[in-house]
Protein chains: 4
Amino acid sequence: MSAPAIDLDTARRGLASQPFAVLLGTRVAAVEAGRAVLEVDVRPDLLQQNGFVHGGVLAYLADNALTFAAGTLVGPDVLTAGLTISYLRPAAGAVLRADAVAEHATARQVLSRCDIVAVAEDGTERVVAAAQGTVAVRR
Amino acid sequence: MSAPAIDLDTARRGLASQPFAVLLGTRVAAVEAGRAVLEVDVRPDLLQQNGFVHGGVLAYLADNALTFAAGTLVGPDVLTAGLTISYLRPAAGAVLRADAVAEHATARQVLSRCDIVAVAEDGTERVVAAAQGTVAVRR
Amino acid sequence: MSAPAIDLDTARRGLASQPFAVLLGTRVAAVEAGRAVLEVDVRPDLLQQNGFVHGGVLAYLADNALTFAAGTLVGPDVLTAGLTISYLRPAAGAVLRADAVAEHATARQVLSRCDIVAVAEDGTERVVAAAQGTVAVRR
Amino acid sequence: MSAPAIDLDTARRGLASQPFAVLLGTRVAAVEAGRAVLEVDVRPDLLQQNGFVHGGVLAYLADNALTFAAGTLVGPDVLTAGLTISYLRPAAGAVLRADAVAEHATARQVLSRCDIVAVAEDGTERVVAAAQGTVAVRR
């Protein structure tokens, strides 16, 4: 496997430079070439009216993870062109983990996919959302 | 035009019951039957590393507005099944406004569309993202 | 209203140069600046196993109409970057009509939206699918 | 691995009952639990104006493959609720192959993903599109 275009320290500094990611407490759990894993601790201020994580948090997390996965292939100068997210189940638990893979890269864009998993206190994992996005490579 | 299934006060109370919407300072600017307008003031903690509004904020706002627009047709007991958002330009300005319309409703779901507009200090408006989503009607 | 970048004759010649559009019998019903309307007569060989129009026909038609709508703004040298389609109801009737609008254009891409309407023998219309797509401008 | 809910013969009969799939010459190359592979031979009448396979053919093929992959988990009584497709490269070659996996199933829906690969005469493969869709389970 080739080295990722951005390593874990670079990814963490990159995320720390995004105020909105900091506001939500997002952290980089892992990066390798073609894959990035981001996590958010579930907090009361991330919920919706029924006590589940707000769909907007899942959409945010997918956006961020899809882009970081692309960055591991082509470097940090990327921006998300668009994404689709399907919500599969209400999201509850202790941690949200977005596991994103950059599956296809051309000179102009990267196609990334992402599963968002809710991890319960006891470690049980459930996929709560699935996303696909295109990430533009800036020139 | 028929009365909306949720009026402005109900919509505002609904939004106020969503801690994540409160965290981001979202407000309901308008509702009518088949349409909801949500706004967020641009704050430093909503930005990404280049000083633009984080794509995740746009995705969150689209999610919320699409669902509220559906609620104006079928009532508040709805949940977003999924959405697609296309980012058109970097988002900067004083206010983000999501203008969402619920275009087609069946017994089971509502199809909503949304434009996200960045409003500059001088009132200039630019569309920065466009979204489409399906909202499930709970029974 | 400004003149469309492609007129009706140009659009019809453009569609006639696409063998797959010819195979399905697609025709250009109307073009204006920012809008294109394509139609397909429902035929037995366009159906799926339950007698409704195959979802793939709707997806094809959305693809073609989204791109033509973009072409009315920026000229014919465009290609669809991607699309999302939501199926709202089983599609049956005499004619499928895709009514597409090009809503936002930048130098690099156009965001188009499309409704697909099934028109019954008696003229009754029902929206059966809704789509959004991004169309890249070739340079 | 568990047995698929539909086997290869059932899948082939299912596809043969879809006139539009027959019109395009689609065949089932493989099914297993959670996966379906469909193929289409590239023919002149499937092309667009530049000699590449029409995007609508790719969208059709994604639609069909996503649904068949879901069917291998939950049985044939499914219908596609919607899909997103990203076109990555112009599609040319001898055969188009859609390789779809049903990744997450709930009682109501299945989330499927699909890559579309163009296979050249010499066997070279290139991914030309990537899709994600939700497939509703009929009750």
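Trainee: Which residues does V57(D) touch, leaving out those up to four places away in sequence?
Mentor: V57(D) touches F20(C), L24(D), V40(D) and L46(D). Keep in mind that this is a predicted model.

Trainee: OK, and where does V57(D) sit?
Mentor: V57(D) is in helix α3 of chain D, which covers residues 55-74.

Trainee: Is V57(D) buried or exposed?
Mentor: Buried: V57(D) has 28 other C-beta atoms within 10 Å, and 20 or more is what counts as buried.

Trainee: Let's go to chain A. How many residues does its α3 have?
Mentor: Helix α3 of chain A has 20 residues, 55-74. From first C-alpha to last it reaches 29 Å, close to the 28 Å expected at 1.5 Å a residue.

Trainee: And how many residues of α3(A) are buried?
Mentor: 20 of the 20, so α3(A) is largely enclosed by the rest of the structure.

Trainee: What comes after α3(A)?
Mentor: G75(A) follows α3(A), and its phi is positive, near 95 degrees.

Trainee: Which residues have the most contacts inside the largest nonpolar core?
Mentor: Those are A62(A), A62(B), A62(C) and A62(D), in a core of 206 residues.

Trainee: So what does A62(A) touch, sequence neighbours aside?
Mentor: Not counting residues up to four places away, A62(A) touches L83(A), I85(A), A98(A), C114(A), I116(A), A129(A) and A131(A).

Trainee: Now the chains together. How many residues of chain A are in contact with chain B?
Mentor: 28 residues of chain A are in contact with 28 residues of chain B. On the chain A side, the elements giving two or more residues are α2 (19-24), α3 and β3 (78-87). β3(A) supplies the largest share of that side, eight residues.

Trainee: Why do you say the copies meet through the same surface?
Mentor: Because 100% of the interface residues of chain A are also interface residues in chain B.

Trainee: At what angle do α3(A) and α3(B) cross?
Mentor: Roughly 145 degrees, with their axes coming within 8 Å. The crossing is right-handed. G55(A), G56(A), A59(A), Y60(A), D63(A) and N64(A) make the contact with G55(B), G56(B), A59(B), Y60(B), D63(B) and N64(B).

Trainee: What about α3(C) and α3(D)?
Mentor: Their axes come within 8 Å and cross at roughly 145 degrees, and α3(C) passes α3(D) in a right-handed crossing. Among the residues of α3(C) that meet α3(D) are G55(C), A59(C) and D63(C).

Trainee: Last one. Where does V119(A) lie?
Mentor: V119(A) lies in strand β5 of chain A, residues 109-119. With 17 C-beta neighbours inside 10 Å, V119(A) counts as partly exposed.

Trainee: And which residues is V119(A) in contact with?
Mentor: Leaving aside neighbours within four places in sequence, V119(A) is in contact with G93(A), A94(A), V95(A), R97(A) and E125(A).

Technical notes. Residues numbered from 1 in each chain as written. Chains lettered and ligands numbered in written order. Predicted model: local features only at pLDDT ≥ 70, side-chain atom pairs only at ≥ 80, totals over all residues. Contact = placed C-beta atoms within 7 Å. Helix = DSSP H or I, 4+ residues; strand = E, 2+ residues; numbered from the N terminus. Expected span 1.5 Å × (residues − 1). Buried ≥ 20, exposed ≤ 12 C-beta atoms within 10 Å, placed from the backbone. Core = buried A, V, L, I, M, F, W, Y, C linked by C-beta atoms within 7 Å. Axes fitted to C-alpha atoms, helices over the stretch in contact; angles between N-to-C directions. Left-handed = near helix turned anticlockwise from the far one by under 90°.
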